Number of protein chains: 2
Amino acid sequence: MHKKIIDISVGISPDMLIYPGDPKPQVETIFSIEKDGAKVSCISFGSHTGTHIDAPSHIFKDGITVDQVQLNGLVGKALLLDFSTNGELITGSNLKVASRRFEHIPDITIILLKTGNFAYLDKSGAHWITRNGFTTVGVDSMSVDVPSEMMVHEQLLGNGINIVECLDLHEANEGVYGFMCLPLKIIDCDGAPARAVLFLDCFFQE
Amino acid sequence: MHKKIIDISVGISPDMLIYPGDPKPQVETIFSIEKDGAKVSCISFGSHTGTHIDAPSHIFKDGITVDQVQLNGLVGKALLLDFSTNGELITGSNLKVASRRFEHIPDITIILLKTGNFAYLDKSGAHWITRNGFTTVGVDSMSVDVPSEMMVHEQLLGNGINIVECLDLHEANEGVYGFMCLPLKIIDCDGAPARAVLFLDCFFQE
């Protein structure tokens, strides 16, 4: 079986970029091959470190936690749009224009936004995504929202749309891919680091 | 797109079962919705906690680390065999007999062993798996090896075969599935917690 996979996950390490105020990731050796016969490490990080998903409980008091998020919405055919030469805000009209040439492709359920890490959705962009029935939005920036705003989070998570942040999209061009994002199943948590991949030559059967 | 996914990952929480000596997982709230506008947690655990993969660097000084493990081998068609009524050791001859009725199915690259958490591979079992060209072995027990042994780890990891441990297979019956296991991309680490799933009604295109 031949599978071409693009890993679109950021590596987790002590010197990675983190969201201001979040804990610094740590990886500490606690058992070694020499002394203990096998190496084991202790790892610590924030729940929104590196490539991760936000659970509704990140911002809603009665929102579901990350272990309750259905994986179905995080798997499927994804449209990757490149806004890295766009302005700072991605609007509904930007999304409409950029997605036009992919309109003929059926069953796209996930939208990925390549921003070069300095563009954000505005309210109209979040509304366009909601109206068009996507199950998941993924971005390569630290947040789908302009820093210190939460409006887009509220619109998306409030409508049951998954948010994946801090993807590494630099190797992926605009186009349609198979997509899968699997977050750690951390009980009762507000989010979790995840591994996310694109498939080039295979799609999930419809 | 209809997808039936079985989540075969163990939940991570402070009261989960851990390997003797491993650090106790912790999940601590560091920002709250009330005070900070969004909930964020700090998480810590051992690199072999819950459903996880062992990197070759777990036992080999010059082995590759978990961020270097190719994801291709962790994705594909999997044969799940049920040894939960077997004796304590799964031998090559056990594997040969149990897999016979699936011999006509092409392109199986992954083998999953349901043990009810109290059966382990012996050396002949590990050799059978190596000889038959599997890319990944997954088990629902804490280890592929008898506790405190490392012989099966050496045989499998030494031959480039991925090891996935602590799967939750209680909802999955013997049979053939689409399988995907995505470990966290923790730089330079000896293993990493992962999310693993089975697909019932879709296979990766061949």
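Trainee: How many residue pairs are in polar contact across the interface of chain A and chain B?

Mentor: In this predicted model, the rule finds 20 such residue pairs across the interface of chain A and chain B, both residues being at pLDDT 80 or more. The side of chain A that touches chain B comprises 33 nonpolar, 16 polar and 14 charged residues.

Trainee: Which element gives the largest share of that side of chain A?

Mentor: Strand S3 of chain A does, with seven residues. Other elements that give two or more residues include strand S1 (5–7), helix H1 (33–36) and strand S12 (191–199) of chain A.

Trainee: What makes S3(A) and strand S3 of chain B a pair of strands?

Mentor: Pairing requires at least two bridges. S3(A) and strand S3 (residues 40–46) of chain B have five bridges, in the antiparallel sense, and therefore they count as paired. Within this arrangement, A:Ile43 stands opposite B:Phe45 in S3(B).

Trainee: What makes A:Arg195 and A:Asp7 a salt bridge that links distant parts of the chain?

Mentor: Their side chains meet at 2.8 Å, N to O, and the cut-off is 4 Å, so the pair qualifies. A:Arg195 lies in strand S12 of chain A and A:Asp7 in strand S1 of chain A, 188 residues apart.

Trainee: Why is the relation between chain A and chain B that of a two-fold axis?

Mentor: A rotation of 180° with 0.0 Å of shift along its axis superposes chain A on chain B, with an RMSD of 0.0 Å. That is the relation of a two-fold axis. Of the residues of chain A, A:Ser44 comes closest to the rotation axis, its C-alpha being at 2.1 Å.

Trainee: How do you know that the same surface serves both copies?

Mentor: Of the contact residues of chain A, 100% recur in chain B. The contact involves 63 residues of chain A and 63 residues of chain B. The area buried between chain A and chain B is about 5,600 Å², with carbon and sulfur atoms giving 64% of it.

Terms used
Residues numbered from 1 in each chain as written. Chains lettered and ligands numbered in written order. Predicted model: local features only at pLDDT ≥ 70, side-chain atom pairs only at ≥ 80, totals over all residues. Heavy atoms only, no water. Least-squares fit on C-alpha atoms with pLDDT ≥ 70 in both. Contact = heavy atoms within 4.5 Å. Buried area = accessible area lost by both parts, 1.4 Å probe. Polar contact = N/O pair within 3.5 Å; in protein donor to acceptor, adjacent residues only side chain to side chain. Helix = DSSP H or I, 4+ residues; strand = E, 2+ residues; numbered from the N terminus. Nonpolar A, V, L, I, M, F, W, Y, C, P; charged D, E, K, R; others polar.
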